[in-house]
Amino acid sequence: MLMVNKIKFKNFKIFKDWQTLELRPLTILIGKNNSGKSAVAKLPTLLSGSLSGTFSTPLKPENERIKLGLSYEDLVYNRYPADSLGFEISTETETINVSLYGDRSGKVHFSEFSYNKEKKFDLSTTKFKGFVPNKKLFKTLNLEFDYIGPFRKIPSPYFQNSVHEFDKIGIEGENAYPILIQNNEEKMFNKISNWYKINFEGWGLRVSPISGLVQTYEISLENIGLKPINIVNVGQGIHQVLPLIVRSYMPTDKETLIIIEEPETHLHPAAHGNLAQRFAESYLEDNNKSYLLETHSQNFVLRMRRLVAEKVIKKEDLAIYYVDFDKDKKESSLKFIEIDENGGIPNNDWPTGVFNETSLETRAIYNAQLNDKQNVDRD
């Protein structure tokens, strides 16, 4: 493992006390709305910029168009920039500990910086680029990512080819379409199209050139016995999931954390599990890929647990975190959910009230039916 695999953080966003996020090949974030899931999902993008050593300030709240706020103040718990914002970032062989604070002018300063928990740097003489001291190049402390947000770009009816070579899918999945055009005669395209056929009632993908003064292409869905349908004219779920499937089949020549918020957007619940399985298969096909997935889907999580039970993936490959907001303390916490080798939860240690809506609604239906029967019997 040559990339960051553990992040500890304090006073970040809605998280006041120290929290630990261990990045495994498949890491899942669950929790209610506005609990801090998106902040955790985007945190690696923030730290990636600081570890790159490409800017003079320790932190920037925006990296590659991914925003965690408008200023440093927006990054700190309850927006008190003078409070210490802390990070511990680790790989198998390297660790840095960072403490930061902001002044009234909005500038960010180090209050502490140490390497491998031993060497503390003299902040009065050390020059930093991001978190990189004195032009030191870390051996393993890097964090390559590809972030895909919860709202993917609605496709156009027609596309031009691109000479650009893409190594990222884009925060709105916008690069998926030129990637399909560039690979429409390759094995990767066939794999993507076959996944669609299996999961969407036989509908596969098709790329068709359209002649004219400027060469353009139409991306459509086709099914045996039916005329192709332009992808603009199909259901939202079909094209919302497309960038995710394209990314899962894209080759990766270096370790990359693929971050996806709400992968199940607009998909029928029956497809959630198959999407989860695709991400697991993607990691198994290429260990350079790891996934950080923020989801509201019970079926998505259940499929991952099932894959552990069926020995498709190891329990050590999967980490599930529940992001919980305490309304009394006014802060959130990150709770690791232990999974055993059979996909089960030891000691039934599942967070109270998480994904229990089905049983609650079923019980309510049963009680309503029982009350109706009792009323009829009285009559």
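Reader: Let's start with the strands: which residue does Asp324 stand opposite in E20?

Author: Bear in mind that this is a predicted model. Strand E19 covers residues 318–326 and strand E20 covers residues 331–337. Across the pair, Asp324 faces a residue of E20, and that residue is Ser333.

Reader: And how many bridges join strand E19 to strand E20?

Author: The two strands run antiparallel. Their hairpin has four residues between the strands, and Lys330 takes a positive phi near 60° there. As for the bridges joining E19 to E20, the count is seven.

Reader: On to the helices: are H5 and H6 roughly parallel or roughly antiparallel?

Author: H5 spans residues 242–249 and H6 spans residues 269–285, and their axes come within 9 Å. Those axes cross at roughly 20°. Angles under 35 degrees count as roughly parallel, so H5 and H6 are roughly parallel.

Reader: How many nonpolar residues does the contact of H5 with H6 have?

Author: H5 passes H6 in a left-handed crossing. On the H5 side you've got Leu244, Ile245, Ser248 and Tyr249, while H6 brings Leu275, Arg278, Phe279, Ser282 and Glu285. Sorted by class, two are polar and two are charged, and the nonpolar ones number five.

Reader: One more, on Ser48: is this residue buried or exposed?

Author: Ser48 sits in helix H1, which runs over residues 37–52. Setting aside neighbours within four places in sequence, Ser48 is in contact with Asn63, Leu143 and Phe145. Its relative accessible area is 11%, and buried means under 20%, so Ser48 is buried.

Conventions: Residues are numbered from 1 along each chain as its sequence is written. This is a predicted model: local features need pLDDT of at least 70, side-chain atom pairs count only at pLDDT 80 or more; totals for chains, interfaces and linings use all residues. Side-chain values use heavy atoms; hydrogens and water are left out. Axes are lines fitted to C-alpha atoms, for helices over the stretch in contact, and angles run from 0 to 180 degrees between N-to-C directions. Angles under 35 degrees count as roughly parallel, over 145 as roughly antiparallel, 65 to 115 as roughly perpendicular and the rest as oblique. A crossing is left-handed if the near helix is turned anticlockwise from the far one by less than a right angle, and right-handed if clockwise. Contact means heavy atoms within 4.5 Å. Ala, Val, Leu, Ile, Met, Phe, Trp, Tyr, Cys and Pro count as nonpolar, Asp, Glu, Lys and Arg as charged, and the others, Gly among them, as polar. Two strands pair if DSSP finds at least two bridges between them. Buried means under 20% relative accessible area, exposed over 50%, partly exposed in between (1.4 Å probe, protein chains only).
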